[in-house]
Amino acid sequence: MSTPREKARTIAVYLKSNNLTGIQPDREYHCIEHNFLGVALNDPNHNSLPLVSAAIYCYVAQRLGLNARPCGFPFHVHVIVKPPPGLDINGNMLAPGVCGDPIYMDPFRSDRETPVTNLQSQLNYLGASTVEQSTFLGESRTSEIVLRCSKNILNSVQRMSQYPDVHLEPVDTVSAKYAALWSTMLLSDPSRPAEFRHHLPWLMELFATEFPSDIYLVEQYVVPMFRGLLEYEHILESLHVMRAVDEIPKQVKRRYSGRCDVKYRIGQVFRHRRYNYIAIITGWDTECDAGEQWMRRMGIDRLQGGRHQSFYHVMYVHMCDWRCAARLTHTQVSRIEACGMWQRRISSFWPLI
């Protein structure tokens, strides 16, 4: 029977030999794609940052009975593997009440165990105190890992201008940045307001330009964070203006014979042929009415017909990938009651071809 140490090493060897952890040498380390577990697992090359490689390792290890968790080591996520109660890492029995020492793995770099003395030496070099070293060499909480991932994403977004030729198709960069900003705002230490104050302008800009339907979330979660701070009144004023603009009646564009290219009607419910989501049409444009930046980011001009075709605003049931247009079928609006809870994304408008 394998010992915990042998299991830990075997898992690392398997993942490394099957190219399931780490980044290929020719890849840019900070590419935003490397921050996402789903991309790492689905891409044939499985490139991932240390945090994602550690997450893959921990999942496999836990499925095989090991107590493996991400470790809060600074700058580079490791994995801490603890022996079962009553045993040491080599499977030997311990006296009652004695806990066995853990081992550390770095699945991103190696399939070998990382000596704890190496990690301690690095922490000593950084000037970490004894208490800080205990924290850095212990298990990370889920919130800490999410916050760390968010900071990695923001770091990748900031570096994107340095690597204009990097292929980014699997990732919606704007949504990734927006999600990372939300995580950073909500999970940062409330006793250190300078950090979330620093990210507030980015969040509010993306919220106003790309995700205005999230106004309720901003009111519920962001506004209370700034009560008593200088930004509080500015946020309230911005939200007041957005609500006032939203209440202005929209101009009605009626369908007439000259707009025969607008094939589908408001109220029609459809199921997407390729992605299988269900949605209802809430509006249309004879041509893509989004901004130039959005059209470039979403590759509108690469679609059959490009921007010069009818586009539709929709409300849909499930989040899905909106970067591709595809053929669809639709049913009448009387079927809407069978579609369940609706979620709205204002910026979702696509040609239904």
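**Close-up 1. Helices that line the second largest pocket.** Helix 3 (50–63), helix 5 (130–136) and helix 6 each give at least two residues to the lining of the second largest pocket. Helix 6 spans residues 142–159 and supplies the largest share of this lining, nine residues. The model is predicted, so local features need pLDDT of at least 70 and side-chain atom pairs count only at pLDDT 80 or more, while totals for chains, interfaces and linings use all residues. Residues are numbered from 1 along each chain as its sequence is written, and side-chain values use heavy atoms, with hydrogens and water left out. Helices (H or I, at least four residues) and strands (E, at least two) are DSSP runs, numbered from the N terminus.

**Close-up 2. Centre and composition of the second largest pocket.** This pocket holds about 890 Å³ of space. Its lining has 31 residues, of which Gly 72, Pro 74, Glu 144, Arg 148 and Lys 151 lie nearest the centre. By class, 12 lining residues are nonpolar, 10 polar and nine charged. A pocket is an open set of points on a 1 Å grid over the protein atoms alone, where a 1.4 Å probe fits, with protein on both sides within 12 Å along at least five of seven lines; lining residues have an atom within 4 Å of a point. Grid points are joined across faces, edges and corners, and the volume is the space filled by probe spheres set on the points. Ala, Val, Leu, Ile, Met, Phe, Trp, Tyr, Cys and Pro count as nonpolar, Asp, Glu, Lys and Arg as charged, and the others, Gly among them, as polar.

**Close-up 3. A nonpolar surface patch.** Val 146, Leu 186, Leu 187, Tyr 216, Leu 217 and Tyr 221 make a nonpolar patch of about 520 Å². Val 146 sits in helix 6 and is partly exposed at 34% relative accessible area. Patch residues have over 30% relative accessible area and no salt bridge, and nonpolar side chains (Val, Leu, Ile, Met, Phe, Trp, Tyr) are joined within 5 Å. Areas come from the Shrake-Rupley method with a 1.4 Å probe. Buried means under 20% relative accessible area, exposed over 50%, and partly exposed in between, with protein chains only.

Close-up 4. Arg 307 pairs with Glu 292 (3.0 Å, N to O). Arg 307 lies in the loop between helix 11 (292–298) and strand 7 (311–316) and Glu 292 in helix 11, so this pair ties together parts 15 residues apart in sequence. Arg 307 also forms a salt bridge with Asp 301 (2.7 Å, N to O). Shared partners join Glu 292, Asp 301 and Arg 307 into one network. Arg 307 is buried at 19% relative accessibility, whereas Glu 292 is partly exposed at 38%, as is Asp 301 at 47%. A salt bridge is a side-chain nitrogen of Lys or Arg within 4 Å of a carboxyl oxygen of Asp or Glu; the whole structure has 11.

**Close-up 5. The pair Glu 33 and Arg 27.** The side chains of Glu 33 and Arg 27 form a salt bridge (3.4 Å, N to O). Glu 33 is buried at 7% relative accessible area, and Arg 27 is partly exposed at 29%.

Key:
Patch = residues over 30% accessible without salt bridge, like charges linked within 9 Å, V, L, I, M, F, W, Y side chains within 5 Å. Buried < 20%, exposed > 50% of the residue type's maximum accessible area, 1.4 Å probe, protein only.
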